[in-house]
Amino acid sequence: MRLVSQEEARRIAVRAQLLDGSAANILDTVRRLGFLQIDPISTVAPPQQLVLWSRLGPYDVAELDRLLWDEKKLFEWNAYLWPIESLPLVQARMRRRRRSRRYAHERRGRELLERNERFKRYVLRELDRNGPMLSRDLQHHSAPRPDERHRWWGTREVTLMLEVLHAYGVVAVAGRQGNQRLWDLAERSYPPVETVSLREADRALAEQRFRAQGVRLTRKGWEAHPDATDGPVPDRVTFLSPFDRLIHDRNRTEALFDFRYRLEMYVPEANREYGYYVLPILGGARLVGRIEPRFDRKTRTLEVLGACGDTSRAAEALASLANFLGAEHRLP
């Protein structure tokens, strides 16, 4: 175990996350990070795109789609984008999902399949015949059962069935039309790979996560990954998505950077301290401020609703972000 100071830990974490300007391309960046989180919130840009911009600066978003759907060097599962090399590890997680009844949502998924075997066969048959397909094209005409209501999807039973089958690795996301997923059988979407035990997969994913974080906090202090490198971090300024893994663990963020950050979009407006969708400002190896940008897609305008802390160089990052979005930008 190699213990480092807080200052060293900050530099190591920023470098491990490729936020030091060393990121070269999309694929290598995703491989290094391990995955990209997907979320429909796009006040500025979808999180998976914004996380890449923070590291690469302006880049061609179409390249991300090519890597996913044409070259298949990335794949989508469980609201994350993964490098295809991680497929054996992820499939071990899929197999665990099929067996597990530990959590309520897992029990509900199993019960849904058991109660709707005929419906499941219908969905798989249609995908086999016609896939890839949008969920709306998979119409099932039987009336939904009252006890099949879902807190997110209500009675949209096709979506429910696809979500469960996707978690189990039976169907896969084979493409997208806008924000809508195209579904197909997993056996047609995923390449054949070796089978890895769940224990081995968990160990490999934990090691991958530690390497991507660079440091972790233990009872003895900040422990650096054996492969982590320290050194000066360029005085580079960028904004971080709320889903960025550098700050995803809010308690770790506070301990590492002395910076308390919370996403306040679900907080009543009157109770917000900083704003609806506020992004931390990263300057070198420090979190130096906050900014609340908003991109209006109709007018192609990137505006700043508020900012605080050290924003002396925020204009540099705003110009880069506007370039990436194809927007004009204006300060408050």
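Glu63 is partly exposed, with a relative accessible area of 25%. Arg66 is partly exposed too, at 32% relative accessibility. These two side chains form a salt bridge, and the closest N and O atoms are 2.6 Å apart. Both residues sit in helix α4, residues 61-70. They are three residues apart, about one turn of the helix. Keep in mind that this is a predicted model.

How many salt bridges does the structure hold? The count is 24. I will take a few of them.

Next pair: Arg188 and Asp128. Their side chains meet in a salt bridge, 3.4 Å from N to O. This one links distant parts of the chain. Arg188 belongs to helix α9, residues 186-189. Asp128 belongs to helix α7, residues 117-130. The separation is 60 residues.

Asp227 lies in the loop between β9 and β10, the latter being 237-239, and Arg211 lies in helix α10, so the pair ties together parts that are 16 residues apart in sequence. Asp227 counts as exposed, at 52% relative accessibility. Arg211 is partly exposed, with a relative accessible area of 35%.

There is also a network. Which residues does it link through salt bridges? They are Glu7, Arg10, Asp258 and Arg286.

Which residues of α10 are buried? Ala201, Leu205, Phe210 and Ala212. Down the axis of α10, the buried residues fall within an arc of 165 degrees, so they line one face of the helix. On the other side of α10, Arg199 and Arg203 are exposed.

What covers the buried residues of α10? Both helices and strands do. Among the helices are α1 (6-16), α2 (26-33) and α5 (87-99). The strands include β4 (80-83), β8 (215-218) and β9 (221-224).

What follows α10? Gly214 does, and its phi is positive, near 85 degrees.

That brings us to β8 and β9, which are part of the cover over α10. How many residues does the hairpin between β8 and β9 use? Two residues join the strands. β8 and β9 pair in the antiparallel sense, over four bridges. Look at Leu217: this residue stands opposite Trp222 in β9.

β9 has another partner. Strand β1, residues 2-4, is joined to β9 by three bridges. This pairing is antiparallel as well. Where does Val4 find its bridge partner? In β9, at Trp222.

Over to you for questions.

How values were computed. Residues numbered from 1 in each chain as written. Predicted model: local features only at pLDDT ≥ 70, side-chain atom pairs only at ≥ 80, totals over all residues. Heavy atoms only, no water. Buried < 20%, exposed > 50% of the residue type's maximum accessible area, 1.4 Å probe, protein only. Arc of directions from axis to C-beta. Contact = heavy atoms within 4.5 Å. Pairing = 2+ DSSP bridges. Salt bridge = Lys/Arg side-chain N within 4 Å of Asp/Glu carboxyl O.
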